[in-house]
Amino acid sequence: ANHSRLGSLRDAGPGTGPFRFSDAFSQATDFTSIRDKLTPTDGQDLLDALARFSYFERWSDEQRRDCCHRAQIRQYEPDQTVFVEGQAPVNYAHFMLSGECGLLQCLKLHWRWDRPTATKRYRLSRAQPTEDEITRFHRRRAQATNVIEDPPMDRSQQNPPAAGRSVEYHFVDIATYSRGSVFGIGEHMVDRAVYARTHVQCLLIPRYWLLEKPQNRGNIWNRIRIFLEQRQPSRDRLFRWFLTELLWHRYRHQLVDDFRLVHAPRHLPRLIDVPLVCRIEECDVQQE
């Protein structure tokens, strides 16, 4: 798989920035009443994490208390997968507290050999839409029912070997999430995954609860989702960039080959052209 970087997206969230002590001091009085009702360690950490983002400034004490009972803070090691749409039973919105993450796009390409041009012709595979929590729950329930009713089959019959498939997978690093960024709020994540580049700490809030009307004043989360989708390139756009880079790569090699062919040396030196004195090897002759 080819791994190329086409661009990066810094601070992928409007209104999110580095931690400011003036904002924390102004909100300290609002969080004092909630800290007393939560455990000393978890409650304080969650409230400090909420204080770093301006999205939660207008939340009531009840909303913050409910969020602290639902949310969690999670640590990620470098090169660890942080978020993949549709894998977990519940999708969480991720708010980055520290570290740096990258957004990786997987392009599944089908190719065929073109004999007239002696090159590969690529075609982008169709994207499989992701499922929400309700659809995924019913699908898993139906699969569990079918497994109980139907007898187990041989694995060789379930997954026949794929012969003659010409498929390539290309991975493109398209975005960078730093402290103060937010992702996983419903943006397009088809064949995409967020991974940790450094040690990452994220605040996780359930998406279904975050998109409810009391927590979605002014339709703020949908506006952030639209902002992210506008800044991040789509699969079709990445595929066009891939074809452009591929054509430039072929043209560059063809240009170098043509230049070497035209300016090739006409008279290459042979062994007979080297003077005899230069070809004599020195050696000691033993005298009897």
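Mentor: Let us begin with Arg225 and Glu229, whose side chains meet in a salt bridge at 3.3 Å, N to O, the term standing for a side-chain nitrogen of Lys or Arg within 4 Å of a carboxyl oxygen of Asp or Glu. This is a predicted model, in which local features need pLDDT of at least 70 and side-chain atom pairs count only at pLDDT 80 or more, while totals for chains, interfaces and linings use all residues. Residues are numbered from 1 along each chain as its sequence is written, and side-chain values use heavy atoms, with hydrogens and water left out.

Trainee: How far apart are Arg225 and Glu229 along helix H7?

Mentor: They are 4 residues apart in helix H7 (residues 220-231), so about one helical turn separates them; helices here are DSSP runs of H or I with at least four residues, strands are runs of E with at least two, and both are numbered from the N terminus.

Trainee: Is Arg225 buried or exposed, or partly exposed?

Mentor: Arg225 counts as partly exposed at 23% relative accessibility, and Glu229 is also listed as partly exposed, at 23%. Buried means under 20% relative accessible area, exposed means over 50%, and partly exposed lies in between, with a 1.4 Å probe and protein chains only.

Trainee: How many salt bridges does a search of the whole structure find?

Mentor: The search finds 9. One of them joins Glu100 to Arg197, with the closest N and O atoms 3.4 Å apart. Glu100 lies in the loop between strand E4 (92-98) and E5, and Arg197 in the loop between E9 and strand E10 (200-206), so this pair ties together parts that are 97 residues apart in sequence. Glu100, Asp173 and Arg197 are linked in a network of salt bridges, and Glu100 is partly exposed at 24% relative accessibility.

Trainee: And which residue forms a salt bridge with Asp114?

Mentor: That is Arg121, the closest N and O atoms being 3.1 Å apart. Asp114 is buried, with a relative accessible area of 13%, whereas Arg121 is partly exposed at 39%.

Trainee: Changing topic, what is the volume of the largest pocket?

Mentor: Its volume is about 420 Å³, where a volume is the space filled by probe spheres set on grid points joined across faces, edges and corners. A pocket is an open set of points on a 1 Å grid over the protein atoms alone, where a 1.4 Å probe fits, with protein on both sides within 12 Å along at least five of seven lines, and lining residues have an atom within 4 Å of a point.

Trainee: Which residues lie nearest its centre?

Mentor: Of the 20 lining residues, Ala127, Gln128, Val190, Asp191 and Arg192 lie nearest the centre. The elements that give two or more residues to this lining are strand E5 (101-114) and E9, and E5 provides the largest share, 5 residues.

Trainee: What about the backbone of Asp191, where is its phi?

Mentor: Phi of Asp191 is near 60°, a positive value in a residue other than glycine. Most residues other than glycine have a negative phi. Asp191 sits in the loop between strand E8 (182-183) and E9 and is partly exposed, with a relative accessible area of 37%. Asp79, likewise not a glycine, has a positive phi of about 65°; Asp79 is in the loop between strand E2 (72-76) and strand E3 (81-83) and is exposed at 67%.

Trainee: Back to E9 for a moment: how buried is Val194?

Mentor: Val194, in strand E9 (residues 192-196), is buried with a relative accessible area of 0%. Leaving aside neighbours within four places in sequence, the contacts of Val194 (heavy atoms within 4.5 Å) include Gln80, Phe83, Cys101, Tyr177 and Met189. Val194 and Phe83 are 111 residues apart in sequence, yet 5.1 Å apart in space, C-alpha to C-alpha.

Trainee: Last one: which residues does Phe242 touch?

Mentor: Not counting residues up to four places away in sequence, Phe242 touches Leu109, Tyr122 and His170. Phe242 is in helix H8 and is buried, with a relative accessible area of 16%.
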